[in-house]
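I opened the model and listed what to look up. These are my entries, in the order I made them.

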Amino acid sequence: MHNKIILTILSFFVIVDVGLIYLATHISPMRLKRNTFTFQYGEIIPTEASEYVNATDSVLAEVVLDLSNVSYEVGTYTATATYYSQVETFEIVVVDTVQPKVVLKKVTWEIAIGETIYAEDLIDVEDNSATAAYFIDEDTQETSESKTYYTSGSHVERIIVIDEHGNQSTSLRVKITVLSSDTTLPIIYGIDDITIRLDDTFDELEGVSAYDETDGWITSSIEVEGVVNTHIAGVYEIVYSVSDSAGNITEETRVVNVIDY
């Protein structure tokens, strides 16, 4: 009976030893949390072992990370975590999937005819990578970095930003008003004050013309306000006005005196 007890105890210790040996040879003191770790471009890549492996604090204190091949640029890189003879290899992937954040400096811009305006000058951009700004035609999807206008008027344009990794912002609407550099008023000729006799014939446009330094003769654009009744003696005023293509307006008043003698 005594021998059986001793044999049982010895068998127990043998089993325990075998179990410990198995654990020592088959259970790693550290394990990777995953095989691939992904970070956004511009994000800080951790250098602490606890970010990549599961292990006790005492093991973590001895783990050596090798991130020497890892770059902050977009790409896939190999790294290792080493604990004595145990080496675990994993990947660090740097991606850029964030679209640029864009705001207009102001919604309306004024420029002169012939002036070139650049999309990048109209916006503020927030992005971790290099960007380029474009005007975009939403129908054709054609893009251009700048716009030049050769006629006055208002134009509604849309602006997008694309970063170096192909991420595109939402489009923003901007209004561009093109102002003419022509500020010279047109001239109206032949509207001197006049005196006529009662019942004479009077044509308010006879001998009247208009000329603009840029547009040339614009007589056909003359507008007249006021009526002269040649059958009633009195003093009448006629207002002549004319506008050129740049929006410059000239207005002149003519006095017509109808007398009875």
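I took buried to mean under 20% relative accessible area, exposed over 50%, and partly exposed in between (1.4 Å probe, protein chains only). The model is predicted, so I kept its cut-offs: local features need pLDDT of at least 70, side-chain atom pairs count only at pLDDT 80 or more, and totals for chains, interfaces and linings use all residues. Residues are numbered from 1 along each chain as its sequence is written, and side-chain values use heavy atoms, with hydrogens and water left out.

Entry on Val228. I found Val228 in the loop between E20 and strand E21 (234-243); strands are DSSP runs of E with at least two residues, helices runs of H or I with at least four, numbered from the N terminus. Val228 counts as buried because its relative accessibility is 17%. I read a C-alpha separation of 9.0 Å between Val228 and Asn257, which lie 29 residues apart along the chain.

Entry on the core. I looked up the largest nonpolar core, which has 21 residues; such a core is a set of buried Ala, Val, Leu, Ile, Met, Phe, Trp, Tyr and Cys residues joined through side-chain atoms within 4.5 Å. Tyr52, Val53, Phe90 and Ile92 have the most contacts inside this core. Elements that give two or more residues to this core include helix H2 (57-60) and strand E6 (86-95). E5 gives the most, with 4 residues.

Entry on Glu252. I placed Glu252 in strand E22. Glu252 counts as partly exposed because its relative accessibility is 35%.
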